[in-house]
Amino acid sequence: MISRSRRLTALFCALTLAGAAALSACSSDTADGAKITLGFSAWPGWFPWQVAQEKGLFKKNGVNVDLKYFDNYTDSINALSGGAIDANSQTLGDTLASVSGGAKLSIVLVNDNSTGNDKIIAREGVTSLADLKGKKIAVEQGAVDHYLLLLALQSVKLTEKDLQLVSLPTDAAAAAFVGGQVDAVAAFAPFTSKALERPNSRTIASSAEFPGAIPDHLVLGEKVTKEHPKEVQALVNTWFETLAWIKDNKDAAIDIMAKRGGVSVAEYRSYDSGTSIFTKQQNIDAFTPGVTPQHLNFQAGKIADFMVSAGLAATRPQIDNLFDDTFIKAVP
C-alpha cells in the first residue's frame with residue numbers, strides 16, 4: 001500500500017485567497033446532474049468508495065461520480081483546497097488545518113473513527129509510554145500520528161522535548177523501526193503491520209485509548225454543498241447503501257477493498273476492529289453539539305486548541321459553519 005500521509009499540520013496556512021476562492025470554481029462540470037469528482041486514499045474507512053464504484057451504486061443513486069484515488073493523501077487535500085476536486089475523504093485535523101489557512105469547507109459525513117489502527121509501537125525493553133523518555137521515536141511530523149503521540153505523552157506527563165523525535169514519512173518511519181534505527185514508531189495501518197515485524201516489538205498505545213480523537217470524513221467545498229445539494233445528498237445516500245451492500249456481501253467487499261489497498265485479504269481483515277465505521281445514528285449523534293468526545297464540535301475545539309498550542313497552526317480555525325448535518329438527516 002502506498003504511504004498515506006495523514007497530515008495534521010497547517011499545510012494551508014500559506015493558502016492564498018485566490019487559492020481558497022478556487023474552491024468556488026470546483027469542477028466546471030458541477031451543473032445540476034453533472035459530475036462530482038470525489039477523492040480518496042489509503043485508509044480502511046474510505047475503501048468502501050471503491051465498492052460503490054465497482055458495484056454501480058453511485059449510478060443507482062443518481063449521481064455521476066468521477067472517483068479519483070490518490071496514492072499520496074496530502075495530494076488529495078491539496079486538490080480539494082485548490083479546487084481540482086469537489087469532495088475528498090480526509091481527517092478532521094487536516095480539514096481544520098485547511099480551514100485555518102482560509103479554505104471554505106463543509107463536513108457532511110463521518111465515515112469512521114480510528115479505534116486502534118493508529119499505534120505507537122516500541123522495541124523490546126520499552127514497555128510503556130513512560131519508557132519513551134530519552135528514546136528515539138520515528139513519526140511523520142505534523143501528521144495525525146504525531147498528534148496521537150503528543151496526546152499519549154501528555155497522558156504520562158511527558159512532552160516531545162523528553163524524547164528524540166526522528167521525522168520521517170510514515171512508510172520510512174516503519175522501515176527505520178524494523179531496521180533498528182529507532183526505539184519506537186507512531187504509525188497507521190497498514191504500516192503498523194510492517195512495524196510489528198520487528199521481533200518482540202509491541203504496541204504501547206493506540207487510538208483506541210483516545211476515543212473520537214481521529215475521525216474521518218467526507219468533506220466538500222462549502223460552495224459545492226450550497227449550490228449542488230442534490231448531488232451531495234446522492235453521495236451521502238450512496239455511502240450508506242454501500243455499507244449495507246458490504247454487510248450482505250462481506251467476502252466480496254473485502255476482496256475489492258484489499259485489492260484497492262494493495263494488501264492481502266488476511267491483512268485487511270486484521271484492520272477491521274481498528275476502524276469503526278459510523279452508522280447513520282452515530283453520525284447524527286456526532287453532528288449534534290455536545291461536550292463529550294463523541295461530539296464533533298467538542299473534538300474540533302480540542303484539536304483546534306492543540307494545533308495552535310503546539311505550533312501546528314498559526315491561527316485557530318473557525319468551526320462555527322464547518323459541520324453540515326443537513327444531508328445525514330435526509331438519508332432515507
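Reader: Why are helix 5 and helix 14 called oblique to each other?

Author: This is a predicted model, in which local features need pLDDT of at least 70, side-chain atom pairs count only at pLDDT 80 or more, and totals for chains, interfaces and linings use all residues. Residues are numbered from 1 along each chain as its sequence is written, and side-chain values use heavy atoms, with hydrogens and water left out. Helix 5 (residues 92-100) and helix 14 (residues 296-309) pack at an angle of about 60°. Angles under 35 degrees count as roughly parallel, over 145 as roughly antiparallel, 65 to 115 as roughly perpendicular and the rest as oblique. The two helices are therefore oblique to each other.

Reader: What makes the contact of helix 5 with helix 14, by class?

Author: L92, G93, L96 and A97 of helix 5 meet L296, Q299, A300, I303, A304 and M307 of helix 14, where contact means heavy atoms within 4.5 Å. By class, eight of these residues are nonpolar, two are polar and none is charged. Ala, Val, Leu, Ile, Met, Phe, Trp, Tyr, Cys and Pro count as nonpolar, Asp, Glu, Lys and Arg as charged, and the others, Gly among them, as polar.

Reader: Why is strand 3 described as largely enclosed by the rest of the structure?

Author: Five of the five residues of strand 3 (residues 87-91) are buried, so the strand is largely enclosed. Buried means under 20% relative accessible area, exposed over 50%, and partly exposed in between, with a 1.4 Å probe and protein chains only. A87, S89 and T91 point one way from strand 3, while N88 and Q90 point the other way.

Reader: How do you know that D320 is exposed?

Author: The relative accessible area of D320 is 66%, and the cut-off for exposed is over 50%. D320 therefore counts as exposed. The residue lies in the loop between helix 14 and helix 15 (326-329).

Reader: What joins strand 3 to strand 10?

Author: Five bridges join strand 3 to strand 10 (residues 215-221), and the two run antiparallel. Two strands pair if DSSP finds at least two bridges between them. Strand 1 (residues 36-40) pairs with strand 3 over two bridges, in the parallel sense.

Reader: Why is one side of strand 2 and of strand 11 left without a neighbour in the sheet?

Author: Six strands form an open sheet in the order 2-1-3-10-4-11. Strand 2 (65-69) and strand 11 (275-277) stand at its edges, each with a single partner strand, so one side of each has no neighbour in the sheet.

Definitions and conventions
Helices (H or I, at least four residues) and strands (E, at least two) are DSSP runs, numbered from the N terminus. Axes are lines fitted to C-alpha atoms, for helices over the stretch in contact, and angles run from 0 to 180 degrees between N-to-C directions.
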